[in-house]
Amino acid sequence: MQNRLTSGGAARRVPNGLRAREMRFDQTTMPGPAIRLRPRPLAGVAAVPDAGRVVLAAVVAFWFVLVIVMLPLQLVQDSWLALVSGREVAKHGLPHHDSLTLWTLGAQWIDQQWLGQLFYYGLARLGGIRTVLFVHALVLVSTMAFGLRAARGLGASVPSVALAGVAALTVAPWAMQMRTQDLGELAFVLVLGLLALDARKPSRRVYLVVPLLFLWANVHGSVVLGAGLVALRAVLLLRSRLRRSLVLFAAAAVSPFVSPYGFSLAGYYHHLLADPILHSFINEWGPSTPSAKTAAFYALAAATIWLIGRHGKRVTGFEQLALLLTLCSAAGAIRNIVWFGLTALVLLPRLIDPLVSDLDFRRFGRFVRPLAALTIATVLTTVAYAASRPAGWYLSQWPVAQSDRIAELARASGNGSVFADDRFADWLLWTQPQLRGRVAYDVRFELFKPKQLRALAYYRNRIGDGWRAAASGQALDVFDPALQRDVEAGLLAGHRFHAVVRTPQIVVLAAEPRRGALGG
């Protein structure tokens, strides 16, 4: 039996054995065989790589080079805290009370970031600081790559995605620091991308945010922000997709507590987010007042508000609200600027598109091959450079040679206590594990009592006659001379301390034998 196809009123026979399918073209229907022919590209175009992909790969490569070259600068006090805490979890189990420092000895310690810390500690055991920093770099680059990919998936053009990518790099350069937050940044981009894609084209893939949130809840406290975005999407879905809305809202509500610590994390989150004393003491938790440090943020914030007002219809309501909410959050605290930058990386390109509509990278086809080759060569060269660096290069910002000396001085002193500033406290705890329980304090300021925060603030700023009381009874005083020159001068002027180590990176003062404590 032969098939009949009708076109324009006339019947046409199709031979037996040949399936016919519809092919739509200019509102007409024409038969087409179910035979796929391998396309033969035009001469001179076949071997030319996709210009857009090459440009975006070059942006990612630029970020990769920047991250690798600056690896020694990314090792900060929070890096050492992550490693020390990870070691604590590995050797003693999940902590519930502090046993690392004197000031907070026995205080309740909810180590919300335990899984991220354990991850980085495992890397340190496996391959040392070099491996830790390499994986950290991979996380940062993956965050950028997924952000660019999500922006393209939302329909943004290559020029606007590249422009937003470069802008996002400038608003929070401190986000490059090695700490568990970098894992939170990767989770943030993945969750935001899934939510934004679902707002444009609803799909079951949005449920992937649920396991991501549950994992994130054991890595970094920024899961609260991720849960807020999921809750926002759930509210916007109430009328159209009730079941999905309820599932997402439930996941957002419980995810911050999917942890071995359970609902005891409620007090932890409240303390970090709402404690005014803590926010006034720690700079990055304070408001983003206009300054050189926040100039790039305010420039991008102003551009975002203008673009939403001018081209807001190009993005969904969820995308507009996500941009504005993270912008307000960033204005409230310097530490939140990074989340606004990542949100802009993913969502802003669609708003930029009308401004760069005339820019088409395909016009520069002859430069695509050289750019691709240069990108590959740059990445390979950078990898070779970093791999060839000695271990000392990664630790060049730290006084490695003085670590053992400080441990010897502490051991020879009367009580062996060390009053190290927040830059060196966790570094000492990592390099000299025997100082566990003998260092005065470290960067876990959330464990401090208000009077301890005030005492440390008075000490740092030499406020009042009793400013020395914070260091009272300590055998050694260890600090960065670039940050505490006035404190050093005040301590030496009292003739109760003398310098035993002095380098451009670190100063160690020892208490005089007859005066082991500072009186107020």
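The following questions and answers go through a predicted model of one protein chain.

Biologist: How many helices and strands does the protein chain have?
Modeller: The chain has 520 residues, and buried residues make up 48% of them. Among contacts with a separation of 6 or more, 71% are between residues 24 or more positions apart. As for the elements, the count is 20 helices and eight strands.

Biologist: What distance does helix H15 reach from its first C-alpha to its last?
Modeller: Helix H15 runs over residues 368–388, which is 21 residues. At 1.5 Å a residue, 30 Å is expected. The model comes close to that, with a reach of 30 Å.

Biologist: Which residues of H15 are buried, and which are exposed on the other side?
Modeller: The buried residues are Val-368, Ala-372, Thr-375, Thr-382 and Ala-386. They cover an arc of only 100 degrees around the axis, which puts them on the same side of H15. On the other side, the exposed residues are Leu-374, Leu-380 and Thr-381.

Biologist: Is Ala-373 buried or partly exposed?
Modeller: Ala-373 is found in helix H15. Because its relative accessibility is 45%, Ala-373 counts as partly exposed.

Biologist: How do the axes of H3 and H13 cross, and which word describes H3 relative to H13?
Modeller: Two packed helices are described by the angle between their axes and the distance between the axes. For H3 and helix H13 (residues 337–347), the axes come within 7 Å and cross at roughly 40 degrees. That angle makes H3, relative to H13, oblique.

Biologist: How do the residues of the contact of H3 with H13 divide into nonpolar, polar and charged?
Modeller: H3 contributes Thr-143, Met-144, Gly-147, Leu-148, Ala-150 and Ala-151. From H13 come Leu-342, Leu-345 and Val-346. These residues divide into seven nonpolar, two polar and no charged.

Biologist: How many of the 14 residues of H4 are buried?
Modeller: Helix H4 covers residues 158–171, and its end C-alpha atoms are 21 Å apart, which agrees with the 20 Å that its 14 residues should span. The buried residues of H4 include Val-158, Pro-159, Gly-165 and Val-171. They pack against H1, H3, helix H11 (295–311), H13 and helix H14 (349–352). H4 is mostly covered, and the number of buried residues is ten.

Biologist: Which residues is His-279 in contact with, leaving aside its neighbours within four places in sequence?
Modeller: His-279 has its place in helix H10 (residues 276–281). With a relative accessible area of 23%, His-279 is partly exposed. Ala-333 is 54 residues apart from His-279 in sequence, and their C-alpha atoms are 8.5 Å apart in space. The residues in contact with His-279 are Leu-272, Leu-273, Ala-274, Trp-285 and Gly-286.

Biologist: What is the phi of Arg-462?
Modeller: Arg-462 lies in the loop between helix H19 (450–461) and strand E6 (476–479). Its relative accessible area is 37%, so Arg-462 is partly exposed. Its phi is positive in a residue other than glycine, with a value near 55 degrees.

Notes:
Residues are numbered from 1 along each chain as its sequence is written. This is a predicted model: local features need pLDDT of at least 70, side-chain atom pairs count only at pLDDT 80 or more; totals for chains, interfaces and linings use all residues. Side-chain values use heavy atoms; hydrogens and water are left out. Helices (H or I, at least four residues) and strands (E, at least two) are DSSP runs, numbered from the N terminus. The expected span of a helix is 1.5 Å times one less than its number of residues. Buried means under 20% relative accessible area, exposed over 50%, partly exposed in between (1.4 Å probe, protein chains only). The arc is that of the directions from the helix axis to the C-beta atoms. Axes are lines fitted to C-alpha atoms, for helices over the stretch in contact, and angles run from 0 to 180 degrees between N-to-C directions. Angles under 35 degrees count as roughly parallel, over 145 as roughly antiparallel, 65 to 115 as roughly perpendicular and the rest as oblique. Contact means heavy atoms within 4.5 Å. Ala, Val, Leu, Ile, Met, Phe, Trp, Tyr, Cys and Pro count as nonpolar, Asp, Glu, Lys and Arg as charged, and the others, Gly among them, as polar.
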